[in-house]
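Please walk me through this structure, as someone who is seeing it for the first time. I would like a careful account of how its parts are arranged and how they meet.

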Amino acid sequence: MWKYANPRLFLDLAEKLLPWFAGLTVLLFAVGLYISLIGSPPDYQQGDSVRIMYVHVPAAWMALFCYVFMASASVVGLVWRHALADLAAKSTAPIGACFTFLALFSGSFWGKPMWGDWWVWDARVTSVLILFFLYLGYIALWETIEDHARAARAAAVLAIVGVIMVPIIKFSVDWWETLHQPASVLRFDGPTIHASLLWPLFTMALAFTFFFFTVLLIRMRTEIIQQRIRALRLAAIEE
Amino acid sequence: MNLLQAIILRDLRIAYRQGSSAMLGVGFFALVVTMVPLGVGPERDVLLRIAPGILWIGAALSSLISLDRLFHADAEDGSLDLLLSLPLPLELVVLAKTIAHWISSILPLILISPFLAMMLGLPADAIGGLAIALLIGSPAFSLLGAIGAALTINTRRGGLLLTILVLPLYIPTLIFGVQSVGAGPGAGTDAITANLMLLTAITLISAVLSAWSAAAALRINAN
């Protein structure tokens, strides 16, 4: 981990990893989209609209995964002053916000035929919406503090506070009222949905994960290059 | 302990001598509550149903007004640097300032809340419950708000950013606060007690979280 705090080495590594990640993403999406949209059977109750699940559920998983990833990177950045961890956290936030938005958006399209409404004030929907606002606040804090190092550390504190609050918000909203179905894949007594729907779901989740890491590498690379350009400009002005 | 007391008294004195800030908060609170019946219509049973929610949201929003100044005023006149160099953990300084904030800007709201609740038609026992719930839950507003205030002391238009950072964190307090009022005769005492306990837990968690993270943010933002 320490070796790659050096931006040069990280850029080399990113250069090597990117084609693999991008290739895997394309492959997994091709397979995943085929088996989820064409290869898998329609649900006996929901018909073809169950296929929204293959986008909705992985997006919702990634929304949470990104937040936890961002907060972990923030801890590493705050405690060990790891410069790349700061960049990783910063670069994760917009991707996570997009996944969150996608989960809400696709959920809305799934909710219309199933629940009869575009939007319901249900526990899960509401807590994901709050997660979206947490992402926006994090991004806004980065934008408003000019000094990079200071912005990184302040944003890290916010991300850590957020990750402690997320379960509290989730449970508080859970006890409020609920319509969304309970967890049906990650349960102690095994998944309650049929294997023919589960495989496409996992393939799509994997595709989303590799998509995330591909975009993350590209964003981090861009950040490093941007910093270098800024440093060069400053040097040019001083001369 | 003496230092803590001194910080609390200093902040209270400043709030008192500036005069306007506490009264502004109360005025804002009363106005927010007044706007709602004008917005949703004066039907008795509608107001009764939403009254706890209005009062809690009003208290949450009013607490934000003065939070903007919590550390900002000290950062401007340089006293923040003195607070940072006190022989006292910064975490305790943050707690002291938060306590002062709660006394000077939220306690007055709680004091007038029974009157506003009466105007909205809440029955007498619900008004008592509301005041107790506010007393237990509202310190979380000051505490969580202190995190946002500490994070935004150096930013331009920090007040606006503060609301975006802090309001999502207020949500658990709001939910359990409104539920513990019971919203009418249907709710049993057990449910109310359970909600009050959860509210207490949230305030205590916020105290720990706020002391640590607001102090960390102040150290980061101090020049």
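## The model and its conventions

This is a predicted model, in which local features need pLDDT of at least 70 and side-chain atom pairs count only at pLDDT 80 or more, while totals for chains, interfaces and linings use all residues. Residues are numbered from 1 along each chain as its sequence is written, and chains are lettered from A and ligands numbered from 1 in the order in which they are written.

The model scores ipTM 0.84 and pTM 0.87. Among the elements of chain B, the lowest mean pLDDT, 85, belongs to helix H4 (residues 69-77) of chain B, and the highest, 94, to helix H8 (residues 139-151) of chain B.

## Chain A

Chain A has six helices and zero strands, where helices (H or I, at least four residues) and strands (E, at least two) are DSSP runs, numbered from the N terminus. Read from the N terminus, the order of elements in chain A is α-α-α-α-α-α. Of its 239 residues, 36% count as buried; a residue is buried if 20 or more other C-beta atoms lie within 10 Å of its own, exposed if 12 or fewer, and partly exposed in between, with C-beta atoms placed from the backbone. Among the contacts in chain A with a separation of 6 or more, 77% join residues 24 or more positions apart, a contact being a pair of residues whose C-beta atoms, placed from the backbone, lie within 7 Å.

## Where the chains meet

The contact between the chains takes 23 residues from chain A and 20 residues from chain B. On the side of chain A that touches chain B, helix H4 (123-144) and helix H5 (148-174) of chain A are the elements that give two or more residues, and H5(A) gives the most, with 13 residues. That side of chain A has 18 nonpolar, three polar and two charged residues; here Ala, Val, Leu, Ile, Met, Phe, Trp, Tyr, Cys and Pro count as nonpolar, Asp, Glu, Lys and Arg as charged, and the others, Gly among them, as polar.

Two packed helices are described by the angle between their axes and the distance between the axes. Axes are lines fitted to C-alpha atoms, for helices over the stretch in contact, and angles run from 0 to 180 degrees between N-to-C directions. Angles under 35 degrees count as roughly parallel, over 145 as roughly antiparallel, 65 to 115 as roughly perpendicular and the rest as oblique.

| Helix pair | Angle | Axis distance |
|---|---|---|
| H5(A) and H10(B) | roughly 170 degrees | within 9 Å |
| H6(B) and H10(B) | about 110 degrees | 8 Å |

H5(A) and H10(B) are therefore roughly antiparallel to each other. In this pair, residues of H5(A) including Arg150(A), Ala154(A) and Ile164(A) meet residues of H10(B) including Leu209(B), Ala217(B) and Asn221(B). The contact of H5(A) with H10(B) divides into nine nonpolar, two polar and two charged residues.

Within chain B, helix H6 (residues 90-119) packs against helix H10 (residues 189-221) at an angle of about 110 degrees, which makes H6(B) roughly perpendicular to H10(B). Among the residues making this contact are Leu90(B) and Thr98(B) of H6(B), together with Trp212(B) and Arg219(B) of H10(B). By class, the contact of H6(B) with H10(B) has eight nonpolar, two polar and two charged residues.

Not counting residues up to four places away in sequence, Ala154(A) touches Leu141(A), Ile145(A), Leu151(B), Ala217(B), Ile220(B) and Asn221(B).

Gly32(A) is found in helix H1 (residues 7-39) of chain A and is buried, with 24 other C-beta atoms within 10 Å. Beyond residues up to four places away in sequence, Gly32(A) touches Pro200(A), Thr203(A), Met204(A) and Ala207(A).

Gly111(A) lies in helix H3 (residues 83-115) of chain A and is also buried, with 21 other C-beta atoms within 10 Å.

Arg81(A) lies in the loop between H2 and H3 of chain A and has a positive phi of about 55 degrees although it is not a glycine. With 13 C-beta neighbours inside 10 Å, Arg81(A) counts as partly exposed.

Terms used. Two residues are in contact if their C-beta atoms, placed from the backbone, lie within 7 Å. pLDDT is the predictor's confidence in each residue, from 0 to 100.
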